[in-house]
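Me: Please take a close look at one part of this model, the region that carries the record's annotations. Then set the rest of the complex beside it.

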Amino acid sequence: MSLAEKIKVLIVDDQVTSRLLLGDALQQLGFKQITVAGDGEQGAKIMAAQPHHLVISDFNMPKMDGLGLLAAVRNNPATKKAAFIMLTAQGDRALVTKAAALGANNVLAKPFTIEKMKAAIEAVFGALK
Amino acid sequence: MITEAATRRVHVIQGEWKVVNDPDVVLSTILGSCVAACMRDPVAGVGGMNHFLLPGSADAISSGGDATRYGVHLMELLINGLLKKGARRERLEAKIFGGAKTIARFSNVGEQNALFARQFLMDEGIQVVGESTGGDHGRKLEYWPLSGRARQYALTGVEAQKAVAQEQRPRPVPKPVDNAIEFF
């Protein structure tokens, strides 16, 4: 079983299309255990009930945004060590600083290539294959 | 009756998006094979427009190619901009324009662009309340974001050539950005 197959990933994005694209990209990278959530609140609930190893979350979302989700994940002892990659459609320096302060492992600007996503994940977990 | 004299015109060029909540603004653009999605929240009184051209053909959303990602990105920027100004996703309504087959060598790019917009809006559950796509002529489009009123003129002759020329002008290649954010 490859490393990618072992990693449980949670995708959090309010856009259906973005979730589909990211899910496809992850499948191409060999991930098999993928869960999706439509906003930060739903993401936090899923993480609390069923911790995932990696969260890839959009920043700009209704109810709870990506920073709120990141804080929730880091404040829960069961999930605080999960890897967290934040995605943002608006490249914003202040957001990167805030995400870093809250303990994000990486911030990726949309639209990203599959290679960039792979590099961001590998920076946390090591080579996927 | 709309007092045209009082309106302020904001032009949206390819690769751009604009969101306004000013009742005196009319958004305008010129489309050949490009597509513009116009969206508004009638309750919040905010609306906007984007304008994109996805190069290549047959680039379905499911293919996940770079062009698709770029189109999704421009849609997302417009939606995020609307939400920031108080719109609610479930109240958004959209109109789609453009995607003409302006000259033979653009093949079916226009059609693919319109298809992309339609598919995206359907997947996102955003209601399409109006559409004028395809055809052989470019369009000059005006959209009043608060009322949702749209007006278009078919471009023929010189105007059409201008529209096509505008689209053919070298633009930043719609590729995913790698350098917008520094990694840490």
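Reply: A strand here is a DSSP run of E, at least two residues long, and strands are numbered from the N terminus. By that rule, Asp58(A) lies in strand β3 of chain A. The model is predicted.

Start with the record. UniProt, in an unreviewed entry, lists Asp58(A) under "modified residue: 4-aspartylphosphate". The annotation "domain: Response regulatory", also from an unreviewed entry, covers residues 8–125 of chain A. Its end C-alpha atoms lie 12 Å apart.

Is Asp58(A) buried or exposed? The cut-off for buried is 20 or more other C-beta atoms within 10 Å. Asp58(A) has 26 such neighbours, so it counts as buried.

Lys63(A) sits between β3 (54–58) and α4 (66–75) of chain A. Its phi is positive, about 65 degrees, although Lys63(A) is not a glycine. Most residues other than glycine have a negative phi, and most peptide bonds are trans. Lys63(A) has 14 other C-beta atoms within 10 Å, so it is partly exposed.

The peptide bond from Lys110(A) to Pro111(A) is cis, with omega near -5 degrees. Pro111(A) is placed in the loop between β5 (106–109) and α6 (114–125) of chain A.

Now helix α5 of chain A, residues 93–101. Its buried residues are Leu95(A), Val96(A) and Ala99(A). Why do they line one face? Seen down the axis of α5(A), the buried residues fall within an arc of 100 degrees, so they line one face of the helix. An α-helix has 3.6 residues a turn, so residues three or four places apart point the same way. The cover over the buried residues of α5(A) includes α4, β4 (83–88) and β5 of chain A. The face turned away from the buried side carries exposed residues: Arg93(A), Ala94(A), Thr97(A) and Ala101(A). Just after α5(A), Gly103(A) takes a positive phi of about 100 degrees.

That leaves the partner. Chain B has three helices and nine strands. From the N terminus on, its elements run β-β-β-β-β-α-β-α-β-β-β-α. Of its 184 residues, 45% count as buried. Contacts with a separation of 6 or more are counted next: residues 24 or more positions apart account for 68% of them in chain B.

The largest nonpolar core has 83 residues. Val35(B), Ala36(B) and Ala37(B) have the most contacts inside this core. Helix α1 (residues 66–84) of chain B gives the most to the core, with nine residues. Beyond four places in sequence, the contacts of Ala37(B) include Met75(B), Leu78(B) and Ile96(B).

Finally, confidence. The predictor gives the complex an ipTM of 0.81 and a pTM of 0.84. Chain B has a mean pLDDT of 83, and 75% of its residues reach 70 or more. Within chain B, confidence is highest in strand β5 (residues 46–50), at 98, and lowest in helix α3 (residues 157–168), at a mean of 68. Over residues 173–184 of chain B, pLDDT stays under 50. Where pLDDT is low, the predicted coordinates should not be read in detail.

Definitions and conventions: Residues are numbered from 1 along each chain as its sequence is written. Chains are lettered from A and ligands numbered from 1 in the order in which they are written. This is a predicted model: local features need pLDDT of at least 70, side-chain atom pairs count only at pLDDT 80 or more; totals for chains, interfaces and linings use all residues. UniProt positions are given in the numbering used here, feature names are shortened, and annotations may be inferred rather than shown by experiment. Helices (H or I, at least four residues) and strands (E, at least two) are DSSP runs, numbered from the N terminus. A residue is buried if 20 or more other C-beta atoms lie within 10 Å of its own, exposed if 12 or fewer, and partly exposed in between; C-beta atoms are placed from the backbone. The arc is that of the directions from the helix axis to the C-beta atoms. Two residues are in contact if their C-beta atoms, placed from the backbone, lie within 7 Å. A nonpolar core is a set of buried Ala, Val, Leu, Ile, Met, Phe, Trp, Tyr and Cys residues joined through C-beta atoms within 7 Å. pLDDT is the predictor's confidence in each residue, from 0 to 100.
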